Amino acid sequence: MIFSTASPEETKAAARTVAALLRPGDLIAYRGGMGAGKTTFTAGLAQGLGSTAWVSSPTFALVHQYDGPTPLCHFDMFRVASLEDLYSTGFFDYLEGGAVLAVEWSENIEAALPEPHITVDIAMGEGDRRTITVTGDERFL
Ligand code: ADP
Ligand code: MG
């Protein structure tokens with residue numbers, strides 16, 4: 001599935017489309033650098049999964065949870081450099097919890113990512129343009 005967006009609102013709308021296809025236990029591994037729109041996309045996921053909460057970057061907390069019909073756990077692995085760090089985020093407990101997991105800087109925990117998982121790649125274009133590519137399951141073909 002590929003979306004071309006030109007504003008944060010369009011990125012959230014794309015995420016709501018993806019959210020409608022998600023199932024409890026799915027893990028989304030983001031690709032895309034600082035300011036690409038990973039947190040913005042996650043805000044749309046939370047909306048789509050039925051949360052009305054304000055979504056902010058879990059930079060310092062490492063994980064934020066949003067409760068709705070399907071809970072969403074939003075991780076920021078930017079500062080996670082070791083397996084010990086990863087354990088301390090509670091990541092492995094959340095994996096079993098039936099929530100949807102959305103993981104920023106998933107590159108940092110590559111070896112610990114469960115298979116299969118869904119990849120959301122956000123590439124920055126001119127100005128506010130973003131190309132969002134969702135892969136990893138036939139639901140997104
Ligand atoms: P990340 O979590 O990947 O670092 P954020 O979602 O926190 O990125 O920030 C993305 C920034 O880019 C925000 O300031 C947002 O307003 C801006 N932006 C501009 N155009 C877009 C777009 N099409 N989609 C998402 N964010 C956009
Ligand atoms: Mg972010």
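The magnesium ion (ligand 2) is coordinated in this predicted model by T39 through OG1 and by E104 through OE, at 2.2 Å, where donors are N, O and S atoms within 2.8 Å of the metal (3.2 Å for Na, K and Ca) and water is not among the atoms, so sites may look incomplete. Because T39 belongs to helix α2 (residues 38-48) and E104 to strand β5 (residues 100-104), the pair ties together parts that are 65 residues apart in sequence; helices (H or I, at least four residues) and strands (E, at least two) are DSSP runs, numbered from the N terminus. T39 counts as partly exposed at 21% relative accessibility, whereas E104 counts as buried at 4%, with buried meaning under 20% relative accessible area, exposed over 50% and partly exposed in between (1.4 Å probe, protein chains only).

Strand β5 also takes its place in an open sheet of 7 strands with mixed pairing, in the order β1-β7-β6-β2-β5-β4-β3, two strands being paired if DSSP finds at least two bridges between them. The edge strands, each pairing on one side only, are β1 (2-5) and β3 (63-66).

Turning to the aromatic side chains, a search of the whole structure finds 6 aromatic pairs, in which rings of Phe, Tyr and Trp (its six-membered ring) have centres within 6.5 Å, and planes under 30 degrees apart count as stacked, over 60 as edge-to-face and the rest as tilted. One of them joins Y30 and F41 edge-to-face, at 5.9 Å centre to centre and 80 degrees between the planes, and it links distant parts of the chain, with Y30 in strand β2 (residues 27-31) and F41 in helix α2, 11 residues apart. Y30 is buried at a relative accessible area of 0%, and F41 is likewise buried at 0%. The pair of Y87 and F92 is tilted, with 4.6 Å between centres and 40 degrees between planes; here Y87 is exposed at 54% and F92 partly exposed at 25%. Ring pairs link Y87 and F92 with F75, F91 and Y94 into a cluster.

Residues are numbered from 1 along each chain as its sequence is written, while chains are lettered from A and ligands numbered from 1 in the order in which they are written. Local features need pLDDT of at least 70 and side-chain atom pairs count only at pLDDT 80 or more, whereas totals for chains, interfaces and linings use all residues, and side-chain values use heavy atoms, with hydrogens and water left out.
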